[in-house]
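Thanks for coming. Please have the sequence and the model open while I talk.

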Amino acid sequence: MALNFITGNKDKLAEVQSILGDVAGLDIDLAEIQSLDAHEIIQAKLEEAQKHHAGEFIVEDTSLYLTATNGLPGPLIKWFMKSIGNDGLYKMAEAFGNFEAEGKTIIGYSNSANNIQFFEGSIKGTIVPPRGEGFGWDPIFQPEGYTKTFGELTAEEKNAISMRKVAVEKLKEHLKDSV
């Protein structure tokens, strides 16, 4: 049975396929609950997906946690981006005088028996004034040990260190061990 990645983002799908191989993209518009706990969001999405389609699924949540705000925006990053954008996020960190941040991807996996497991990847970094292009908060996140933001790195450079890569590789190990 094929593994289905529920996403409408072709770049995320390509990154996951580059690690796992044969993964089908499934563009289902699922309701997303709001929570400060990404695990709750992912679990709700997987349970909803199981109502629409049979099989094995993965969904992911990529969040940005600012140390200065006790982790906000976290999984609410989409709404912060819509309301204040990268400039506002930078100004928020600047106002608190703390630019430390962490990017996290949590992948939820549901097998055909509807058992749900989570796989997490994270990368620490610094919030900087926007530089470069990229998706979402890429232009303001500079990973530790780098002089460029995610938005300035090539897709290959970013994918080599991304929190999504770490999470997907953990899922890959799980799938290999469960065969």
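I will go from the whole chain to a few single places in it.

A word on the source: this is a predicted model, in which local features need pLDDT of at least 70, side-chain atom pairs count only at pLDDT 80 or more, and totals for chains, interfaces and linings use all residues. Residues are numbered from 1 along each chain as its sequence is written, and side-chain values use heavy atoms, with hydrogens and water left out.

Let me begin with the overall layout. The protein has 6 helices and 7 strands. Along the sequence they come in the pattern β-α-β-α-β-β-α-α-β-β-β-α-α.

Next, the dimensions. The radius of gyration is 16 Å, which agrees with the value near 16 Å that a compact globule of 179 residues would have. That radius is taken over C-alpha atoms, and the globule rule is 2.2 Å times the number of residues to the power 0.38. Along the principal axes, the C-alpha atoms fill a box of roughly 50 × 30 × 25 Å.

How much of the protein counts as buried? The figure is 46% of the 179 residues. Here buried means under 20% relative accessible area, exposed means over 50%, and partly exposed is in between, with a 1.4 Å probe and protein chains only. The protein exposes about 9200 Å², and carbon and sulfur atoms supply 50% of that area. These areas come from the Shrake-Rupley method with a 1.4 Å probe, and for residues only the protein chains shown count as cover.

Contacts come next, and a contact means heavy atoms within 4.5 Å. Among contacts with a separation of 6 or more, 53% are between residues 24 or more positions apart.

On charge, there are 17 positive and 27 negative side chains, and the centres of the two sets lie 2 Å apart. Lys and Arg count as positive and Asp and Glu as negative, while His and the chain ends are not counted. Each charge is placed at NZ of Lys, CZ of Arg, CG of Asp or CD of Glu.

Now to one helix. Helix α4 covers residues 85-96, which is 12 residues, and spans 17 Å from its first C-alpha to its last, close to the 16 Å expected at 1.5 Å a residue. The expected span is 1.5 Å times one less than the number of residues.

Which residues of α4 are buried? They are Gly85, Asn86, Gly88, Leu89, Tyr90, Met92 and Ala93. Their cover includes β3 (56-66), β4 (73-74), α3 (77-83) and β6 (116-127). Lys91 also lies in α4, but it counts as exposed, at 54% relative accessibility. Its C-alpha is 9.6 Å from that of Ile127, 36 residues apart in sequence. Just after the helix, Gly97 has a positive phi of about 70 degrees.

Asn70, in the loop between β3 and β4, has a positive phi near 55 degrees although it is not glycine. Asn70 counts as exposed, at 79% relative accessibility. Then the peptide bond from Leu72 to Pro73 is cis, with omega near 10 degrees, and Pro73 is in strand β4.

Moving on to strand β6, we find Gly125 there. Gly125 is buried, with a relative accessible area of 6%. Beyond its neighbours within four places, its contacts include Phe99, Glu100, Ala101 and Phe141. Gly125 and Phe141 are 16 residues apart in sequence and 6.4 Å apart, C-alpha to C-alpha.

Thr149 lies between β7 (141-143) and α5 (155-161), and is buried at 0% relative accessible area.

Leaving out residues up to four places away, Lys148 touches Arg131, Gln142, Pro143, Leu153 and Glu157.

Last, Ala155 is in helix α5 and is partly exposed at 49%. Ala155 and Glu15 are 140 residues apart in sequence, and their C-alpha atoms are 9.5 Å apart in space.

Methods
Helices (H or I, at least four residues) and strands (E, at least two) are DSSP runs, numbered from the N terminus.
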